[in-house]
Amino acid sequence: MEVVHEKQNSHKEDVREQKRKLLFNFVTICFIWLFIFTAYSGLQNLEAAVNAETGLYSLAAVTSGGVISCLVAPTVISYIGSKGALIVACICQCIFVAANYYPKPYILITGGAIVGLSSGLLWTAQSCYVTMIALDYHKITGESLEAILSRFFGIFFMAFQSTQVWGNLISSAVFQLGGASTEQTNNTFCGAQYCPSEQTISNENETSESVVRPDQHLEVTLISIYLGITFIGLLLTVFVLKPIKSSMSDKYSTLKERLAANLKLLFTDLNMAMIIPFALYTGMEQVMMFAQFTTSFVACKLGIEWIGYTMICFGVCDTVGSLLVGIIAKYTGRLVLFFFSGFLNLGVLIFLRVWSLSGEVPFELFFVIPAVWGLADAVWQAQSDALLGSVFHQNPEIAFSNYLMFQAMGLAIAYIYNIYLCEEMKLYILGVTVIISLIFLCIIEFRVRRRKREEK
């Protein structure tokens, strides 16, 4: 009896140790994202307003590079590993932040292209880390894989979305040194009537109806802080994060076979094909807040210095929502949450279309709108990864890379049309895309549930 008791205690101790190692790696991933995206989130929200077309072209370069890198990410990861991929991506993030010191087109767009070409590695490796940790945790505890995936991705995206809070809090604090006024402009072209081709951005010593740019020394201070934070994320990746085994390492022996596996899932799996509109939308809806709302509504009506403050509301609600979504999904399922987010987005889009910014408008609405959008975004980002991890858990690297490729394509498309289209047309495009996405999500969930019933 004593021998049996000792074996049981030893087994329990081994289980606790394995769980501790898994959770340590998971927490490390969360902190890496917290540091590197605190800088990127803050810069992303300011690029369109501060650097005008150059900033948008730079962000388009980021996402266009992501389209290419997502396609080859599984192949690269199979050679250098998920940790190696994260190290390369973190170095590229540092390059992009540093490029903002001298925001000339050839510098900023090149920096965007570099970080874009690494973004597929970054997000595919992250998705694989979280999915593999969840799978190992499921094997140890016996808990439902879907419940673990929802919870882990919820916690991860809580950490990730909180970077909107810290990044924007830093930018707001730095620009506050230059003074921030609550006085609203008399511009009549803000909101749904805003057309980028008709606007310009001026320096503080110029008189114009355009958006006023902050002092250069404040910009340099902000970029230096962001670069230091990104470097901390790189150090965590190199010295703290533990490597994991790639799920593709032993399946394919040649580059051709790995690329063929990636393309096969993309063109032969119906579930993967139906996810494409949804992937495009999850990219486009981010641009709605990061470029459209910040420029057409906040910067145009209140000034650049208020972008950070309003986006903090987006970050707080996105952060809290990501945590709650992982818990609520266990009781409601993904589809209910997807429809909840879809209706929130449609409601905001309709309101923005009819909202007139001529004259004085309620100041608090500039904070409520990003807060509501943040709640919806929490569902899109966390539950999309949970959906992919559940449907394609046997080959997560391929599925995630394909999904991220089309999400990056959605971001690129939105950033590019954001340069040329008026706000009204962009709102219509988003409304149609979210409706199409919800229809296909219903079909995917139906197919997944039917497959599970047949397997029983």
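**Figure 1. Lys426 sits in helix α13, residues 423-455.** This is a predicted model. Lys426 is buried, with a relative accessible area of 1%. Setting aside neighbours within four places in sequence, its contacts are Pro196, Gln292, Tyr417, Asn418 and Leu421. The Lys426 side chain also forms a salt bridge with that of Glu423, at 3.5 Å from N to O. Glu423 is buried, as is Lys426. Both belong to helix α13 and lie three residues apart, so about one helical turn separates them. In an α-helix there are 3.6 residues a turn, so residues three or four places apart point the same way.

**Figure 2. Ser296 is a residue of helix α8.** Its relative accessible area is 1%, so Ser296 counts as buried. Beyond neighbours within four places in sequence, Ser296 contacts Cys190, Gly191, Tyr194, Ala291, Leu357 and Glu423. One of these partners, Glu423, is the residue that forms a salt bridge with Lys426.

**Figure 3. A salt bridge joins the side chains of Glu445 and Arg334.** The N to O distance is 2.9 Å. The pair links distant parts of the chain, 111 residues apart. Glu445 belongs to helix α13, and Arg334 to helix α10, residues 334-354. Both residues are buried.

**Figure 4. Arg151 and Glu143 form a salt bridge through their side chains.** Here the N to O distance is 2.8 Å. Arg151 is partly exposed, with a relative accessible area of 24%. Glu143 also counts as partly exposed, at 25% relative accessibility. The structure holds five salt bridges. Side chains of opposite charge can pair when their charged atoms come close.

**Figure 5. Helix α9, residues 307-332, is kinked.** The kink is about 35° and is centred on Gly326. Gly333 follows the helix, and its phi is positive, near 85°.

Figure 6. With a relative accessible area of 37%, Val316 is partly exposed.

**Figure 7. Trp33 and Phe366 touch the most other members of the largest nonpolar core.** This core holds 133 residues. Helix α8, residues 270-301, gives the most to the core, with 17 residues. Not counting residues up to four places away in sequence, Phe366 touches Phe293, Phe297, Val298, Lys301, Leu302, Thr310, Trp355, Leu357 and Val361. Leu357, among the residues touched by Phe366, is also in contact with Ser296. In soluble globular proteins, nonpolar side chains tend to be buried together.

**Figure 8. The whole protein has 13 helices and two strands.** The chain has 456 residues, and 57% of them count as buried. Among contacts with a separation of 6 or more, 86% are between residues 24 or more positions apart. The protein exposes about 18,700 Å². Carbon and sulfur atoms supply 66% of that area.

Key
Residues are numbered from 1 along each chain as its sequence is written. This is a predicted model: local features need pLDDT of at least 70, side-chain atom pairs count only at pLDDT 80 or more; totals for chains, interfaces and linings use all residues. Side-chain values use heavy atoms; hydrogens and water are left out. The bend at a residue is the angle between axes fitted to the seven residues ending there and the seven starting there. Helices (H or I, at least four residues) and strands (E, at least two) are DSSP runs, numbered from the N terminus. Buried means under 20% relative accessible area, exposed over 50%, partly exposed in between (1.4 Å probe, protein chains only). A nonpolar core is a set of buried Ala, Val, Leu, Ile, Met, Phe, Trp, Tyr and Cys residues joined through side-chain atoms within 4.5 Å. Contact means heavy atoms within 4.5 Å. Accessible areas come from the Shrake-Rupley method with a 1.4 Å probe; for residues, only the protein chains shown count as cover. A salt bridge is a side-chain nitrogen of Lys or Arg within 4 Å of a carboxyl oxygen of Asp or Glu.
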